[in-house]
Amino acid sequence: MMRIVKPRNARSKRAMDSRAPKVVENTKTALTVRGSTCSVLVQNAMTDIAAYKQPDIKKFQKKNEIRPFEDASSLEFFSQKNDASLIIFGSNSKKRPNTLTWLRTFNYQVLDMFELKVLNYKAMSEFKKLTVNVGMKPMISFIGPIFDSHPHYQMVKSMFLDFFRGEQISMLDLAGLQYIISVTASGDGNISVYSGDTSNLPPINFRVYKIKTYKSKKQDKVPRVELEEMGPRLDFQLGRVREADPDMMKQAMKIPKELQPKAKKNVETDLLGDKVATIHVGKQDLMKLQTRKMKGLKKRSKDEFEGQGGVDDEIEDVIVSDEEQPKKRKRHIK
Amino acid sequence: MSESMKIQSIGDRPVTVERAIPVTYDLGNLTMYDTNMMDSQIMSSTGEEEAKEAYLQSLARDSAQLLVNQILALPVVTGGRTGGDVNHNDGVFVKLPDPTTQLPREKPVPVPKPLTKWEKFAKQKGITPKARNTGNMVYDEAKGEWVKKWGYKGKNQEEPWLVEVDEKAESGGTAESENKGKGKNKSRK
């Protein structure tokens, strides 16, 4: 559908290269799209969520007639045009009130998606004004056994992590630990996927707190962490889910060769924890070994040995006996 | 309670968290996964919003404490970030490990571009690109920084750090530099 654009100048070429498939990918950009029936509550909820995705998010203002579960092609088009692989679509209907549809794309095609109905919503503006700098990496915690056992909740966990984790960094400034996003779901996780009864599924609680650290009297190096809620406060009910096509998911989970950890050959760690490696020295022909130039092999008088200790004596003897016999050379002893 | 008293009492609170099932971490993503059972009574009660929120906040606080404890255990790197970011030259940095949770990519793994006709030919013939000039800078191990090979304050102009004792000079003779340019002790015949 998209025509292939040939870059006319260096700037457009850079833009194209930035969007091309890469070994190490860019941080995923997100879009918030409003459905034709999107209510004010849903709009505000999306704005609040978007605040934690800044600057990697674009918010659409216009309303669009889209039904993601029936036909997601226009969302795929938006994804391609904006180079965004995460989309939140807001809608509201009698059957599905205040619903956010979260979806991910792979190669600009829908990978997986699910619906989250907003049960409770308390806006950020209703909390005490606590802001975090744009682009700060959040700490994220997923609490509840169901996130490990139920495949739909695992999808929610994966999507939330993808959405909120932000830029990949290797060095973290400790001052950058500013807030935590806590996603919880109670329930024992023994809920069958195939029961089809979505009303039994436990709600997902989404909370964001600002972190304050206090010096602890108990331990010098570790501070006491205290939280203050900064919003938004959201409770979601999981609705319809469209799981990823297994082939597409397999493609998406592929790790490029450049990033796969390279096994170091020849190096091992022995029982004591020491790093041991084998140096491969070529075969030495002992008969042709040049010993005339090795000072250590010269026979020395007994007086010289006195201070050195017994071990040296023995080694000296062994070497001398090996080499001197076949050669039968008269050595001048200094 | 006054503010200072409150802060004092916070310092007394524990910094460790006990969990029945040990928690898993993905420090590359600053994430933790807690599979311990939650208190279903508090969670399912419909009327008591405050109690539920307080419970959720306490769970979140424990998670944050655990994460902070883990992060502080990571190796510390002081000094600037090696990205040339001028604004972040001081501050305590912690080296984060690679993320462990695998998330789907947004685009497929790049396919290596097919070799051009010249590249194929060069590969077959074993033609390698010419060794380009590596520029003026060279790394000086002793100093631990980059110095110029030639030019102003270049490495080729530095004085030798070890000079043999010149007997004539040591015995109080005039310095060589003093005698330069002077036509001293030259007898004309």
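Reader: Where is Asn107(A) found in chain A?
Author: Look at the loop between strand E4 (99-106) and strand E5 (109-122) of chain A; Asn107(A) is found there. Keep in mind that this is a predicted model.

Reader: Which residue sits just after H3(A), and what's its phi?
Author: That's Asp83(A), which takes a positive phi of about 50° just after H3(A). Asp83(A) isn't a glycine either. Its place is in the loop between helix H3 (73-82) and strand E3 (86-91) of chain A.

Reader: Is Asp83(A) buried or exposed?
Author: Buried, because its relative accessible area is 10%, and the cut-off for buried is under 20%.

Reader: Let's stay with the helix. Which residues are buried in H3(A)?
Author: Leu75(A), Phe78(A), Ser79(A) and Asn82(A). Seen down the helix axis, the buried residues of H3(A) fall within an arc of 100°, so they line one face of the helix.

Reader: What covers the buried residues of H3(A)?
Author: The cover includes helix H1 (10-19), strand E1 (30-35), E2, E3 and E4, which belong to chain A.

Reader: Zooming out, how many helices and strands are there in chain A?
Author: Eight helices and 13 strands. Chain A has 334 residues, and buried ones make up 42% of them. Its accessible surface comes to about 20400 Å², with 51% of that belonging to carbon and sulfur atoms.

Reader: How many of the chain A contacts between residues at least 6 apart in sequence join residues at least 24 apart?
Author: 70% of them.

Reader: New topic: cis peptide bonds. Which residues does one join, with omega about 0°?
Author: Gln54(A) and Pro55(A). Pro55(A) lies in the loop between helix H2 (40-51) and strand E2 (57-64) of chain A. A cis peptide bond also joins Gly231(A) and Pro232(A), with omega about -5°. Pro232(A) is in the loop between strand E10 (224-229) and strand E11 (233-242) of chain A. In general, most peptide bonds are trans.

Reader: What's Ser186(A) in contact with, leaving aside its neighbours within four places in sequence?
Author: Ile146(A) and Pro202(A), plus Met38(B) and Met43(B). Ser186(A) sits in the loop between strand E8 (179-184) and strand E9 (204-214) of chain A. With a relative accessible area of 14%, Ser186(A) is buried.

Reader: Now sheets. What's the strand order in the open sheet of three strands?
Author: E7(A)-E4(B)-E3(B), with antiparallel pairing. Strand E7 (171-173) of chain A and strand E3 (76-78) of chain B stand at the edges, each with a single partner strand, so one side of each has no neighbour in the sheet. On average, neighbouring strands of this sheet are turned by 40° against each other, direction ignored.

Reader: How many bridges do E3(B) and E4(B) pair over?
Author: Three, in the antiparallel sense; strand E4 of chain B covers residues 92-95. Thr78(B) stands opposite Val92(B) in E4(B).

Reader: Is Arg105(B) buried or exposed?
Author: Buried, at a relative accessible area of 8%. Glu25(A) counts as partly exposed, at 24% relative accessibility.

Reader: And what does Arg61(B) form a salt bridge with?
Author: Asp62(B), with the closest N and O atoms 3.2 Å apart. Arg61(B) is buried at 8%, and Asp62(B) is buried at 18%. Elsewhere, salt bridges that share partners join Arg207(A), Glu229(A), Arg233(A), Asp235(A) and Glu53(B) into one network.

Technical notes
Residues are numbered from 1 along each chain as its sequence is written. Chains are lettered from A and ligands numbered from 1 in the order in which they are written. This is a predicted model: local features need pLDDT of at least 70, side-chain atom pairs count only at pLDDT 80 or more; totals for chains, interfaces and linings use all residues. Side-chain values use heavy atoms; hydrogens and water are left out. Helices (H or I, at least four residues) and strands (E, at least two) are DSSP runs, numbered from the N terminus. Buried means under 20% relative accessible area, exposed over 50%, partly exposed in between (1.4 Å probe, protein chains only). Contact means heavy atoms within 4.5 Å. Accessible areas come from the Shrake-Rupley method with a 1.4 Å probe; for residues, only the protein chains shown count as cover. The arc is that of the directions from the helix axis to the C-beta atoms. Two strands pair if DSSP finds at least two bridges between them. Axes are lines fitted to C-alpha atoms, for helices over the stretch in contact, and angles run from 0 to 180 degrees between N-to-C directions. A salt bridge is a side-chain nitrogen of Lys or Arg within 4 Å of a carboxyl oxygen of Asp or Glu.
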